[in-house]
Amino acid sequence: MTRNTWFELLRTGVAIAVALLIGFVVTWLVSESPGEAFGYFLKGPFTSIRRLGAFLEAAVPLTFTGLAVSLVFSAGQFNMGAEGHFFIGAVAATAAGIFFDLPPVIHTLVCLAAGMAAGAIGGFIPGILKARWNASELVASLMLNYVFLKLGMYLITYHLRDPSAGALVSLPLKETSWLPQFTRTTKLHAGILVMFLAVFLCYYFLYRTTKGYEARMTGHNISFARYSGIPVLSVMLLVQVLGGAVAGLGGAVEMLGIYRRFQWQASPGYGFDGVIIAILARNNPLLVPVAAVFLAYLRVGADVMALYADVSAEMVSIIQAVIILLVTAEAFLAGYRHRLTLKEVKQRASAS
Amino acid sequence: MRVQAELQAASPILLMKGITKVYPNGLVANSNVTFEVRKGEIHALVGENGAGKTTLMKVLFGLEKPDEGSIFIKGREVRISSPNDAIKHGVGMVHQHFMLAPSLTVAENIVLGAEPTRGIWFDRKQAELMCRELGEKYGLPVGPSAKIKDVPVGIRQRVEILKALLRGSEILVLDEPTAVLTPQETEELFEALKSLKEMGHTIIFISHKLREVKELSDRVTVMRSGVLVGTRDTGQVTVEEISRMMVGRDVVLRPLRPKAQEAPGEVRLVVKNLNVVRDSTHVLRDVSLQVRAGEILGVAGVEGNGQAELVEAITGLSPVDRGEVWVCGQDATGKSPGEIRNMGLSHIPQDRMVFGVASRASIAENLISTRYNKQPVSNGFSLDIKAISGLGRELMGRFEIKASSAQQPVGTLSGGNIQKVVVAREFSTEPKVIIANQPTRGIDIGATESVHRYLVEATESGTAVLLVSADLTEVMSLSNKLIVMYEGQVVAYFDEVEGLDEEEIGLYMLGLKRQEPDEVATSMMGRPVE
């Protein structure tokens with residue numbers, strides 16, 4: 001492990017500790033019994049099999065959007081479209097799950113492919129706008145999130161709605177399309193295997209293929225990439241399409257594994273959580289599931305706390321915000337690092 | 001005489017004691033440096049790039065905070081934590097890259113921050129008068145009402161010096177002041193510095209060029225890898241001795257030009273009537289040239305006369321407005337950098353941190369950036385990690401790149417080693433044409449020597465080289481043929497460099513002399529360019 005990796009680990013650890021401390025102070029200010037409330041928050045996710053399952057299954061969609069964001073961020077593209085791609089991917093998978101009549105495994109695969117394709121198209125639009133007309137992918141993707149949300153709601157309301165249901169939900173997906181759940185107590189499902197496959201493929205793409213190399217070099221220094229002869233415009237397009245596909249796949253997995261009929265009225269927010277996860281994981285696909293599990297743990301803990309104590313679940317937003325702030329602040333602990341460097345240099349000098 | 005010398009020695013005007021500065025990446029720029037300057041001397045500070053001279057002066061000027069050490073001026077300890085503190089204590093600095101406002105006049109730039117006023121209004125007349133008087137007093141005449149962007153580099157430098165003097169600088173630091181000057185301008189600068197010394201000013205002069213150090217300075221201090229090697233009276237050391245102190249061993253300072261080919265090689269690079277317009281300025285005007293296999297064509301000229309644009313147009317980094325570029329018989333006009341590289345072109349860029357490397361990526365990753373999709377490092381789809389680190393190790397050995405491993409991020413290396421990474425990549429793909437733009441800028445003598453050697457070896461084995469350098473000595477000693485650029489045009493061509501006079505080239509560089517355009521083209525291309 002290089003000094004740099006070690007230091008980044010330390011920095012993240014300290015940021016989390018500081019954030020939890022601040023979270024505790026806030027709890028202490030608002031709660032009658034802060035110790036108890038915070039206890040629920042920290043221990044809550046482990047108190048029953050069901051909760052343990054809840055926080056592991058919550059990590060699955062977070063991993064997909066975290067991977068999607070890591071891909072585009074690695075190439076220096078600030079595409080914030082994972083939110084919309086996840087949503088439209090879920091809608092596409094729902095449609096495929098309702099309309100197609102196929103044998104079990106094949107039906108599942110077709111639904112997953114539909115989700116990926118929808119997400120990929122979502123990523124293609126800001127990608128091509130950037131590559132052809134140098135339009136900011138940040139603005140385009142944020143605006144398109146609304147388009148995908150409204151488009152998805154339109155499709156659900158007018159074409160996929162279950163008229164016999166009391167609420168605005170889609171028809172149920174055919175059983176042949178489902179991703180099987182492992183146990184009755186939790187909703188942990190086979191999508192987790194798809195997730196691990198996605199983690200591996202994203203890592204393989206970024207670090208073991210020529211296209212991934214092009215993407216990373218473009219992200220490091222775009223002038224250098226251009227000078228070296230790397231086709232930077234097609235790289236920008238490719239990572240946004242791939243990122244969209246991964247986020248769309250996430251939406252599809254969520255539909256086939258957990259809900260089995262579309263029931264969101266608003267965007268569930270996994271796309272923006274993906275940004276937080278990519279930052280925590282330093283865009284490294286192998287670290288993304290770790291960061292996702294951590295974030296899911298905070299969320300479930302906050303829910304348990306809100307259920308049993310007098311502190312609302314939004315407290316977790318404060319903790320998240322502090323972590324992001326400290327992790328992205330380049331100067332945080334820079335002084336400590338400099339002293340370490342100085343000490344090391346001196347030891348080397350006196351040794352020689 | 002002895003008494004006087006002792007008196008001076010007893011009271012240095014500046015003493016920097018035990019200065020240690022470590023950069024965040026662990027680079028030790030200064031290690032326990034104790035540097036002493038006497039009043040009224042011209043003190044040369046020399047060393048390879050990366051030796052820590054500039055860092056030491058940045059500490060003095062309050063631009064870098066030292067980790068250890070203290071500074072004494074006129075015997076009193078001072079705390080300098082910003083350039084303002086430095087100016088208050090009488091320290092002025094002329095940077096390598098001028099810090100002037102191009103759209104303001106000479107006078108406005110000089111008085112900036114200390115403007116004469118009448119009531120609440122800026123007193124332009126008074127300002128211009130001040131500048132004229134100041135210029136006359138110090139032998140650095142300037143036209144106060146001209147805009148900075150319209151005056152030549154030599155005048156801009158004078159403005160910087162006058163600006164420092166107006167603020168009461170007694171100790172004047174000049175960071176490589178001659179790097180951007182023609183021989184004539186250098187001569188004038190030296191006269192002015194000598195007269196400043198007569199008036200009792202103290203001058204610290206950072207330089208690479210030992211001949212200048214010998215000519216100008218009273219004492220010389222040598223630094224090597226962050227450590228102060230020693231201080232000598234300039235009169236008592238030879239250039240060879242100084243360079244040995246700098247490098248720690250004997251060096252050949254004069255590079256050898258490649259042997260002329262017996263028969264002229266085939267034409268590898270042709271540029272025909274190239275025109276580039278940028279921001280409605282004609283930066284390249286009908287530039288034509290050709291380079292044959294086995295020769296180095298040097299491009300001399302003061303920086304900013306179209307050399308950078310020429311290189312960008314040839315390598316495909318920026319568009320061509322009119323004209324043609326041919327590489328190895330293939331039309332490269334308007335092609336992408338990748339397509340042009342595939343024709344057999346390599347490019348050592350002027351700014352290695354912007355174009356040459358991705359500093360957060362590893363050495364190995366930087367070395368493969370132009371061949372990542374070719375055998376043996378890749379099958380076109382996936383990367384062969386073993387082959388990549390093998391190639392990294394091989395090139396690190398062959399090009400003497402000093403690093404702990406091929407996985408080390410390039411950004412943690414010294415300037416010279418970073419340039420070696422660039423050179424290793426560009427030279428190891430068997431290029432047919434090499435465009436070398438300022439290939440030794442800001443790197444140490446050892447690395448410079450290696451880069452020159454690689455260039456000569458590549459040329460002798462049949463590569464065509466276009467060498468652009470603002471260092472006149474470098475282009476003149478390496479090139480087989482030479483062109484001079486001035487204001488976006490080729491103003492002179494010489495098909496024999498041996499025996500040319502630097503002063504004469506200087507006249508072309510300043511635009512004071514030029515050959516007829518047709519004559520230039522005919523003698524270089526063998527016929528007029530239609």
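The centres of domain 1 and domain 2 of chain A, taken over C-alpha atoms, are 29 Å apart. This is a predicted model, so please hear every value as computed from it. The domain assignment puts residues 1–31 and 311–352 of chain A in domain 1, and residues 53–308 in domain 2.

Now the contact between these two domains. Domain 1 of chain A brings 12 residues to it, and domain 2 of chain A brings 10. On the domain 1 side, the elements that give two or more residues are α1 (3–30) and α13 (315–328) of chain A. Helix α13(A) has the largest share of that side, with seven residues. By class, the domain 1 side divides into seven nonpolar residues, four polar and one charged.

Next, a helix pair in chain A. Two packed helices are described by the angle between their axes and the distance between the axes. For helix α2 (residues 34–43) and helix α12 (residues 288–308) of chain A, the angle is about 145° and the axes are 7 Å apart. The crossing of α2(A) past α12(A) is right-handed.

Which residues of α2(A) and α12(A) meet? From α2(A) they are A:Ala37, A:Tyr40, A:Phe41 and A:Leu42. Facing them from α12(A) are A:Gly301, A:Ala302, A:Val304, A:Met305 and A:Tyr308. Eight residues of this contact are nonpolar, one is polar, and none is charged.

On to the core. The largest nonpolar core holds 254 residues, and those touching the most other members are A:Val246, B:Leu60 and B:Val173. The element giving the most to this core is helix α10 (residues 232–259) of chain A, with 16 residues.

Last, the two chains. Where they meet, 27 residues of chain B are in contact with 22 residues of chain A. On the chain B side, the elements giving two or more residues are α11 (337–342) and α12 (352–356) of chain B. That side of chain B has 14 nonpolar, 10 polar and three charged residues.

Key:
Residues are numbered from 1 along each chain as its sequence is written. Chains are lettered from A and ligands numbered from 1 in the order in which they are written. This is a predicted model: local features need pLDDT of at least 70, side-chain atom pairs count only at pLDDT 80 or more; totals for chains, interfaces and linings use all residues. A nonpolar core is a set of buried Ala, Val, Leu, Ile, Met, Phe, Trp, Tyr and Cys residues joined through C-beta atoms within 7 Å. A residue is buried if 20 or more other C-beta atoms lie within 10 Å of its own, exposed if 12 or fewer, and partly exposed in between; C-beta atoms are placed from the backbone. Helices (H or I, at least four residues) and strands (E, at least two) are DSSP runs, numbered from the N terminus. Two residues are in contact if their C-beta atoms, placed from the backbone, lie within 7 Å. Ala, Val, Leu, Ile, Met, Phe, Trp, Tyr, Cys and Pro count as nonpolar, Asp, Glu, Lys and Arg as charged, and the others, Gly among them, as polar. Axes are lines fitted to C-alpha atoms, for helices over the stretch in contact, and angles run from 0 to 180 degrees between N-to-C directions. A crossing is left-handed if the near helix is turned anticlockwise from the far one by less than a right angle, and right-handed if clockwise. Domain bounds come from an automatic or database domain assignment.
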